[in-house]
Amino acid sequence: MKNRLCLLFVFLCCSIFAFGEGKKQQYDVAAYIWPAYHDEPRFKEINIFPEGKGEWEAIYKAKPKFEGHRQPRVPLWGYLDEADPKVQEKKIDTALEYGVNTFIFDWYWYDDKPFLERVLNEGFLKARNNEKMKFYLMWANHTQTGYLDPNEPDKSKVFWKGEVNFDIFDRFTDHVIKDYFMKPNYYRIDGMPVFAIYELSTFINGLGGMEEAKKALDHFRKKCVKAGLKGVHLQAILWHALPSTLSGVPGDKLDTQDNTVKYLGFNSLTNYQWVHFVSINQDYASWGEKAVSKYKEFSESFSIPYFPHVSIDWDNNPRFPGGPQPAVSNVTPQKFEKFLYKAKEFVDKHPDQTPLVTINAWNEWGEGSYLEPDTEFKYGFLEAVKKVFK
């Protein structure tokens, strides 16, 4: 009798374990984080957001510019300070509940010092539950312009240049390796920490050309190995800022973006926003159909894996003081859900790749693209993620 009871106990334990494993989420759903909703000290250098609320100031002051314009967008949770670890705890718990298990932080380095790092350093990494959530960095290395200033009509005005030289790149990658890559919850593919670069053209120009850019990335890889890592998984953001080149491909007559990523040794591609390759001023349904139809082309045009991307919306009018800017119309969680299924279908058809999907975004309120609940759709976009991926 005692032996039978022991066997029954073992069977029940194994069954519970198997059931738990069966429920484990099979997809990595990664949402971009725009870390601008807090009192960033460097906002004072460029004289924007004087009330100390960060870009929330542009969000709650936004006005509708045409009939039916969904402005202002009002966050259901209120205008929270995202550099507060308690706020990040709420975001982490909510994201995980609805199936978002990775945050991609937009990460900046201007004039050889950080910009908008407080949300990551003081908020996310000090949240008591932060190790439940994977994260990685996308180096947003674009030139910072008047685009960010809701009161500046001249959007070409330059605050900080995006290009960096080898010495600056070498210094900040030391910081990235030491302070982020070594974290147990830093997102890895094939055991390597993932580091995405937004504008490869800007990176190449800053380094002084393709050969110099390759040397810098090779050095970055070596530093990662020396630090005890398997290397670094470099991810390129796919849009027109990913240049074509013949460099490093002797005898090749084709001028392709694939040559660039092969020469520089990138490991994967994804997108940041559909607006980068599909025109706006159209219904969300048609906008999304045109975007997801590119998945096959992106996958077949490159010799490295492409991870599918889904955008939620596009309306950057809060950042413009003048007349209406082009925007996507008729966005709903139901339409968004349809495109999530398209991304999931792509992942399922590529079982040899990491099951990663990227979403713009968790909180791009200034561009109208956010998973966070608002007063109109409540948790609708998060419910769509949960239905498809969890």
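The lining of the largest pocket comprises twelve nonpolar, eight polar and five charged residues; here Ala, Val, Leu, Ile, Met, Phe, Trp, Tyr, Cys and Pro count as nonpolar, Asp, Glu, Lys and Arg as charged, and the others, Gly among them, as polar. The model is predicted, with pLDDT of at least 70 needed for local features and 80 or more for side-chain atom pairs, while totals for chains, interfaces and linings use all residues. Residues are numbered from 1 along each chain as its sequence is written, and side-chain values use heavy atoms, without hydrogens or water.

Of the 25 lining residues, His142, Tyr147, Tyr198, His276 and Glu367 lie nearest the centre of the largest pocket. A pocket is an open set of points on a 1 Å grid over the protein atoms alone where a 1.4 Å probe fits, with protein on both sides within 12 Å along at least five of seven lines; lining residues have an atom within 4 Å of a point. Strand E2 (102–110) and strand E5 (144–145) each contribute at least two residues to this lining, strands being DSSP runs of E of at least two residues, numbered from the N terminus.

Strand E9 (residues 233–237) is largely enclosed by the rest of the structure, because five of its five residues are buried, that is, under 20% relative accessible area with a 1.4 Å probe and protein chains only. In a regular strand, side chains alternate between the two faces of the sheet. On one side of E9 lie His233, Gln235 and Ile237, and on the other Leu234 and Ala236, all buried.

E9 pairs in the parallel sense with strand E8 (residues 192–197) over four bridges; pairing requires at least two DSSP bridges between two strands. Leu234 in E9 is the bridge partner of Phe195. Strand E10 (residues 268–270) also runs parallel to E9, joined by three bridges, and Ser268 in E10 is the bridge partner of Gln235.

Technical notes. Buried means under 20% relative accessible area, exposed over 50%, partly exposed in between (1.4 Å probe, protein chains only).
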